Amino acid sequence: SLSMMRLGVAFALLLVLAGSLAAQTQYFPPRVFCRAGEAEPCNWYAPHLRAMGEPSLWELSKSQSVESYRFLWLRTFHHPVSARLDLRSDGSAELVVKVLSGRGGDKPGHLTQNRTLKISKDSVDYFLELLNKAQFWTAPTEQEADGVGCDGAQWIMEGVKTSQYHVVDRWSPKEGPYRKAALFLAINLGGLNPRYNDVY
């Protein structure tokens with residue numbers, strides 16, 4: 001009937017509108033990941049965060065009251081992982097751990113895990129100490145020597161604090177405080193238990 005057709009058209013328009021609004025979420029500053037010779041957009045990270053239903057920390061940096069850190073772990077052949085630590089005024093935090101069904105080097109897939117955990121002030125302090133050792137807030141977003149390989153992983157750490165936003169992107173770090181901080185969020189606090197060979 002005509003009324004059913006109108007309802008169908010209205011529903012289709014709502015879907016298009018919802019899709020366009022989701023696509024408008026800006027997760028990163030413009031050209032922040034633009035390596036030499038690459039065209040815009042220069043990363044595939046935002047679709048994974050969008051599929052997870054994650055907030056934009058860059059947009060949250062407009063609020064002075066927010067302090068949050070997120071590790072996005074995109075392993076080529078394994079499920080995408082996000083571990084977001086939202087700090088509270090008393091120094092404790094909540095950790096939101098999400099896992100997608102896809103692969104880090106391919107399509108994101110859909111959400112398969114979504115857990116929120118309470119984190120003690122001592123654990124938060126230890127994580128922040130690791131970030132300080134990694135000189136997170138002054139580290140360059142990208143390192144020329146990192147490059148991008150075929151069988152590794154992108155380790156993306158974002159931080160927002162007192163209206164500052166920073167993101168660091170590394171390719172399969174083998175050692176150091178940056179690697180320790182990321183794995184502390186995902187594995188020690190987040191409870192993810194990948195096999196040794198899956199940590200790359």
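Is Gln154 buried or exposed, and at what relative accessibility? Gln154 counts as buried, at 1% relative accessibility. Buried here means under 20% relative accessible area, exposed means over 50%, and partly exposed lies in between (1.4 Å probe, protein chains only).

## Basis of the model

This is a predicted model, in which local features need pLDDT of at least 70 and side-chain atom pairs count only at pLDDT 80 or more, while totals for chains, interfaces and linings use all residues. Residues are numbered from 1 along each chain as its sequence is written, and side-chain values use heavy atoms, with hydrogens and water left out.

## Overall architecture

The protein has five helices and six strands. Helices (H or I, at least four residues) and strands (E, at least two) are DSSP runs, numbered from the N terminus. Read from the N terminus, the order is α-α-α-β-β-β-β-α-β-β-α.

Of the 200 residues in the protein, 44% are buried. The exposed surface comes to about 11,000 Å², with 56% supplied by carbon and sulfur atoms. Accessible areas follow the Shrake-Rupley method with a 1.4 Å probe; for residues, only the protein chains shown count as cover. Take the contacts between residues at least 6 apart in sequence: 60% join residues at least 24 apart. Contact means heavy atoms within 4.5 Å.

Gln154 sits in strand E5. Its side chain makes a polar contact of 2.8 Å with the side chain of Asp169. A polar contact is a pair of N or O atoms within 3.5 Å; within protein, one must be able to donate a hydrogen and the other to accept it, and residues adjacent in sequence count only if both atoms are side-chain atoms.

Ser172 lies in the loop between strand E6 (164-171) and helix H5 (177-189). Ser172 is buried, at 8% relative accessibility. Its phi is positive, about 45 degrees, although the residue is not a glycine. The Ser172 side chain reaches the backbone nitrogen of Ala153 at 2.8 Å. Neighbours within four places in sequence aside, Ser172 is in contact with Gly152, Ala153, Trp155 and Tyr200.

## Two further loop positions

Gln135 also has a positive phi without being a glycine, near 50 degrees. Its loop runs between helix H4 (121-133) and strand E5 (153-161). Gln135 is exposed, with a relative accessible area of 56%.

Gly109 belongs to the loop between strand E3 (93-100) and strand E4 (111-119). Gly109 counts as partly exposed, at 44% relative accessibility. Beyond its neighbours within four places in sequence, Gly109 is in contact with Ala51, Leu100, Ser101 and Gly102. Pro80 is 29 residues from Gly109 in sequence; the C-alpha to C-alpha separation is 8.9 Å.

## The second largest pocket

The second largest pocket has a volume of about 180 Å³. On a 1 Å grid over the protein atoms alone, a pocket is an open set of points with protein on both sides within 12 Å along at least five of seven lines; lining residues have an atom within 4 Å of a point. The volume is the space filled by probe spheres set on the points.

Residues lining this pocket include Trp73, Arg75, His78 and Asp198. By class, the lining has five nonpolar, four polar and two charged residues.

How values were computed:
On a 1 Å grid over the protein atoms alone, a cavity is a set of points where a 1.4 Å probe fits but cannot get out, and a pocket is an open set with protein on both sides within 12 Å along at least five of seven lines; lining residues have an atom within 4 Å of a point. Ala, Val, Leu, Ile, Met, Phe, Trp, Tyr, Cys and Pro count as nonpolar, Asp, Glu, Lys and Arg as charged, and the others, Gly among them, as polar.
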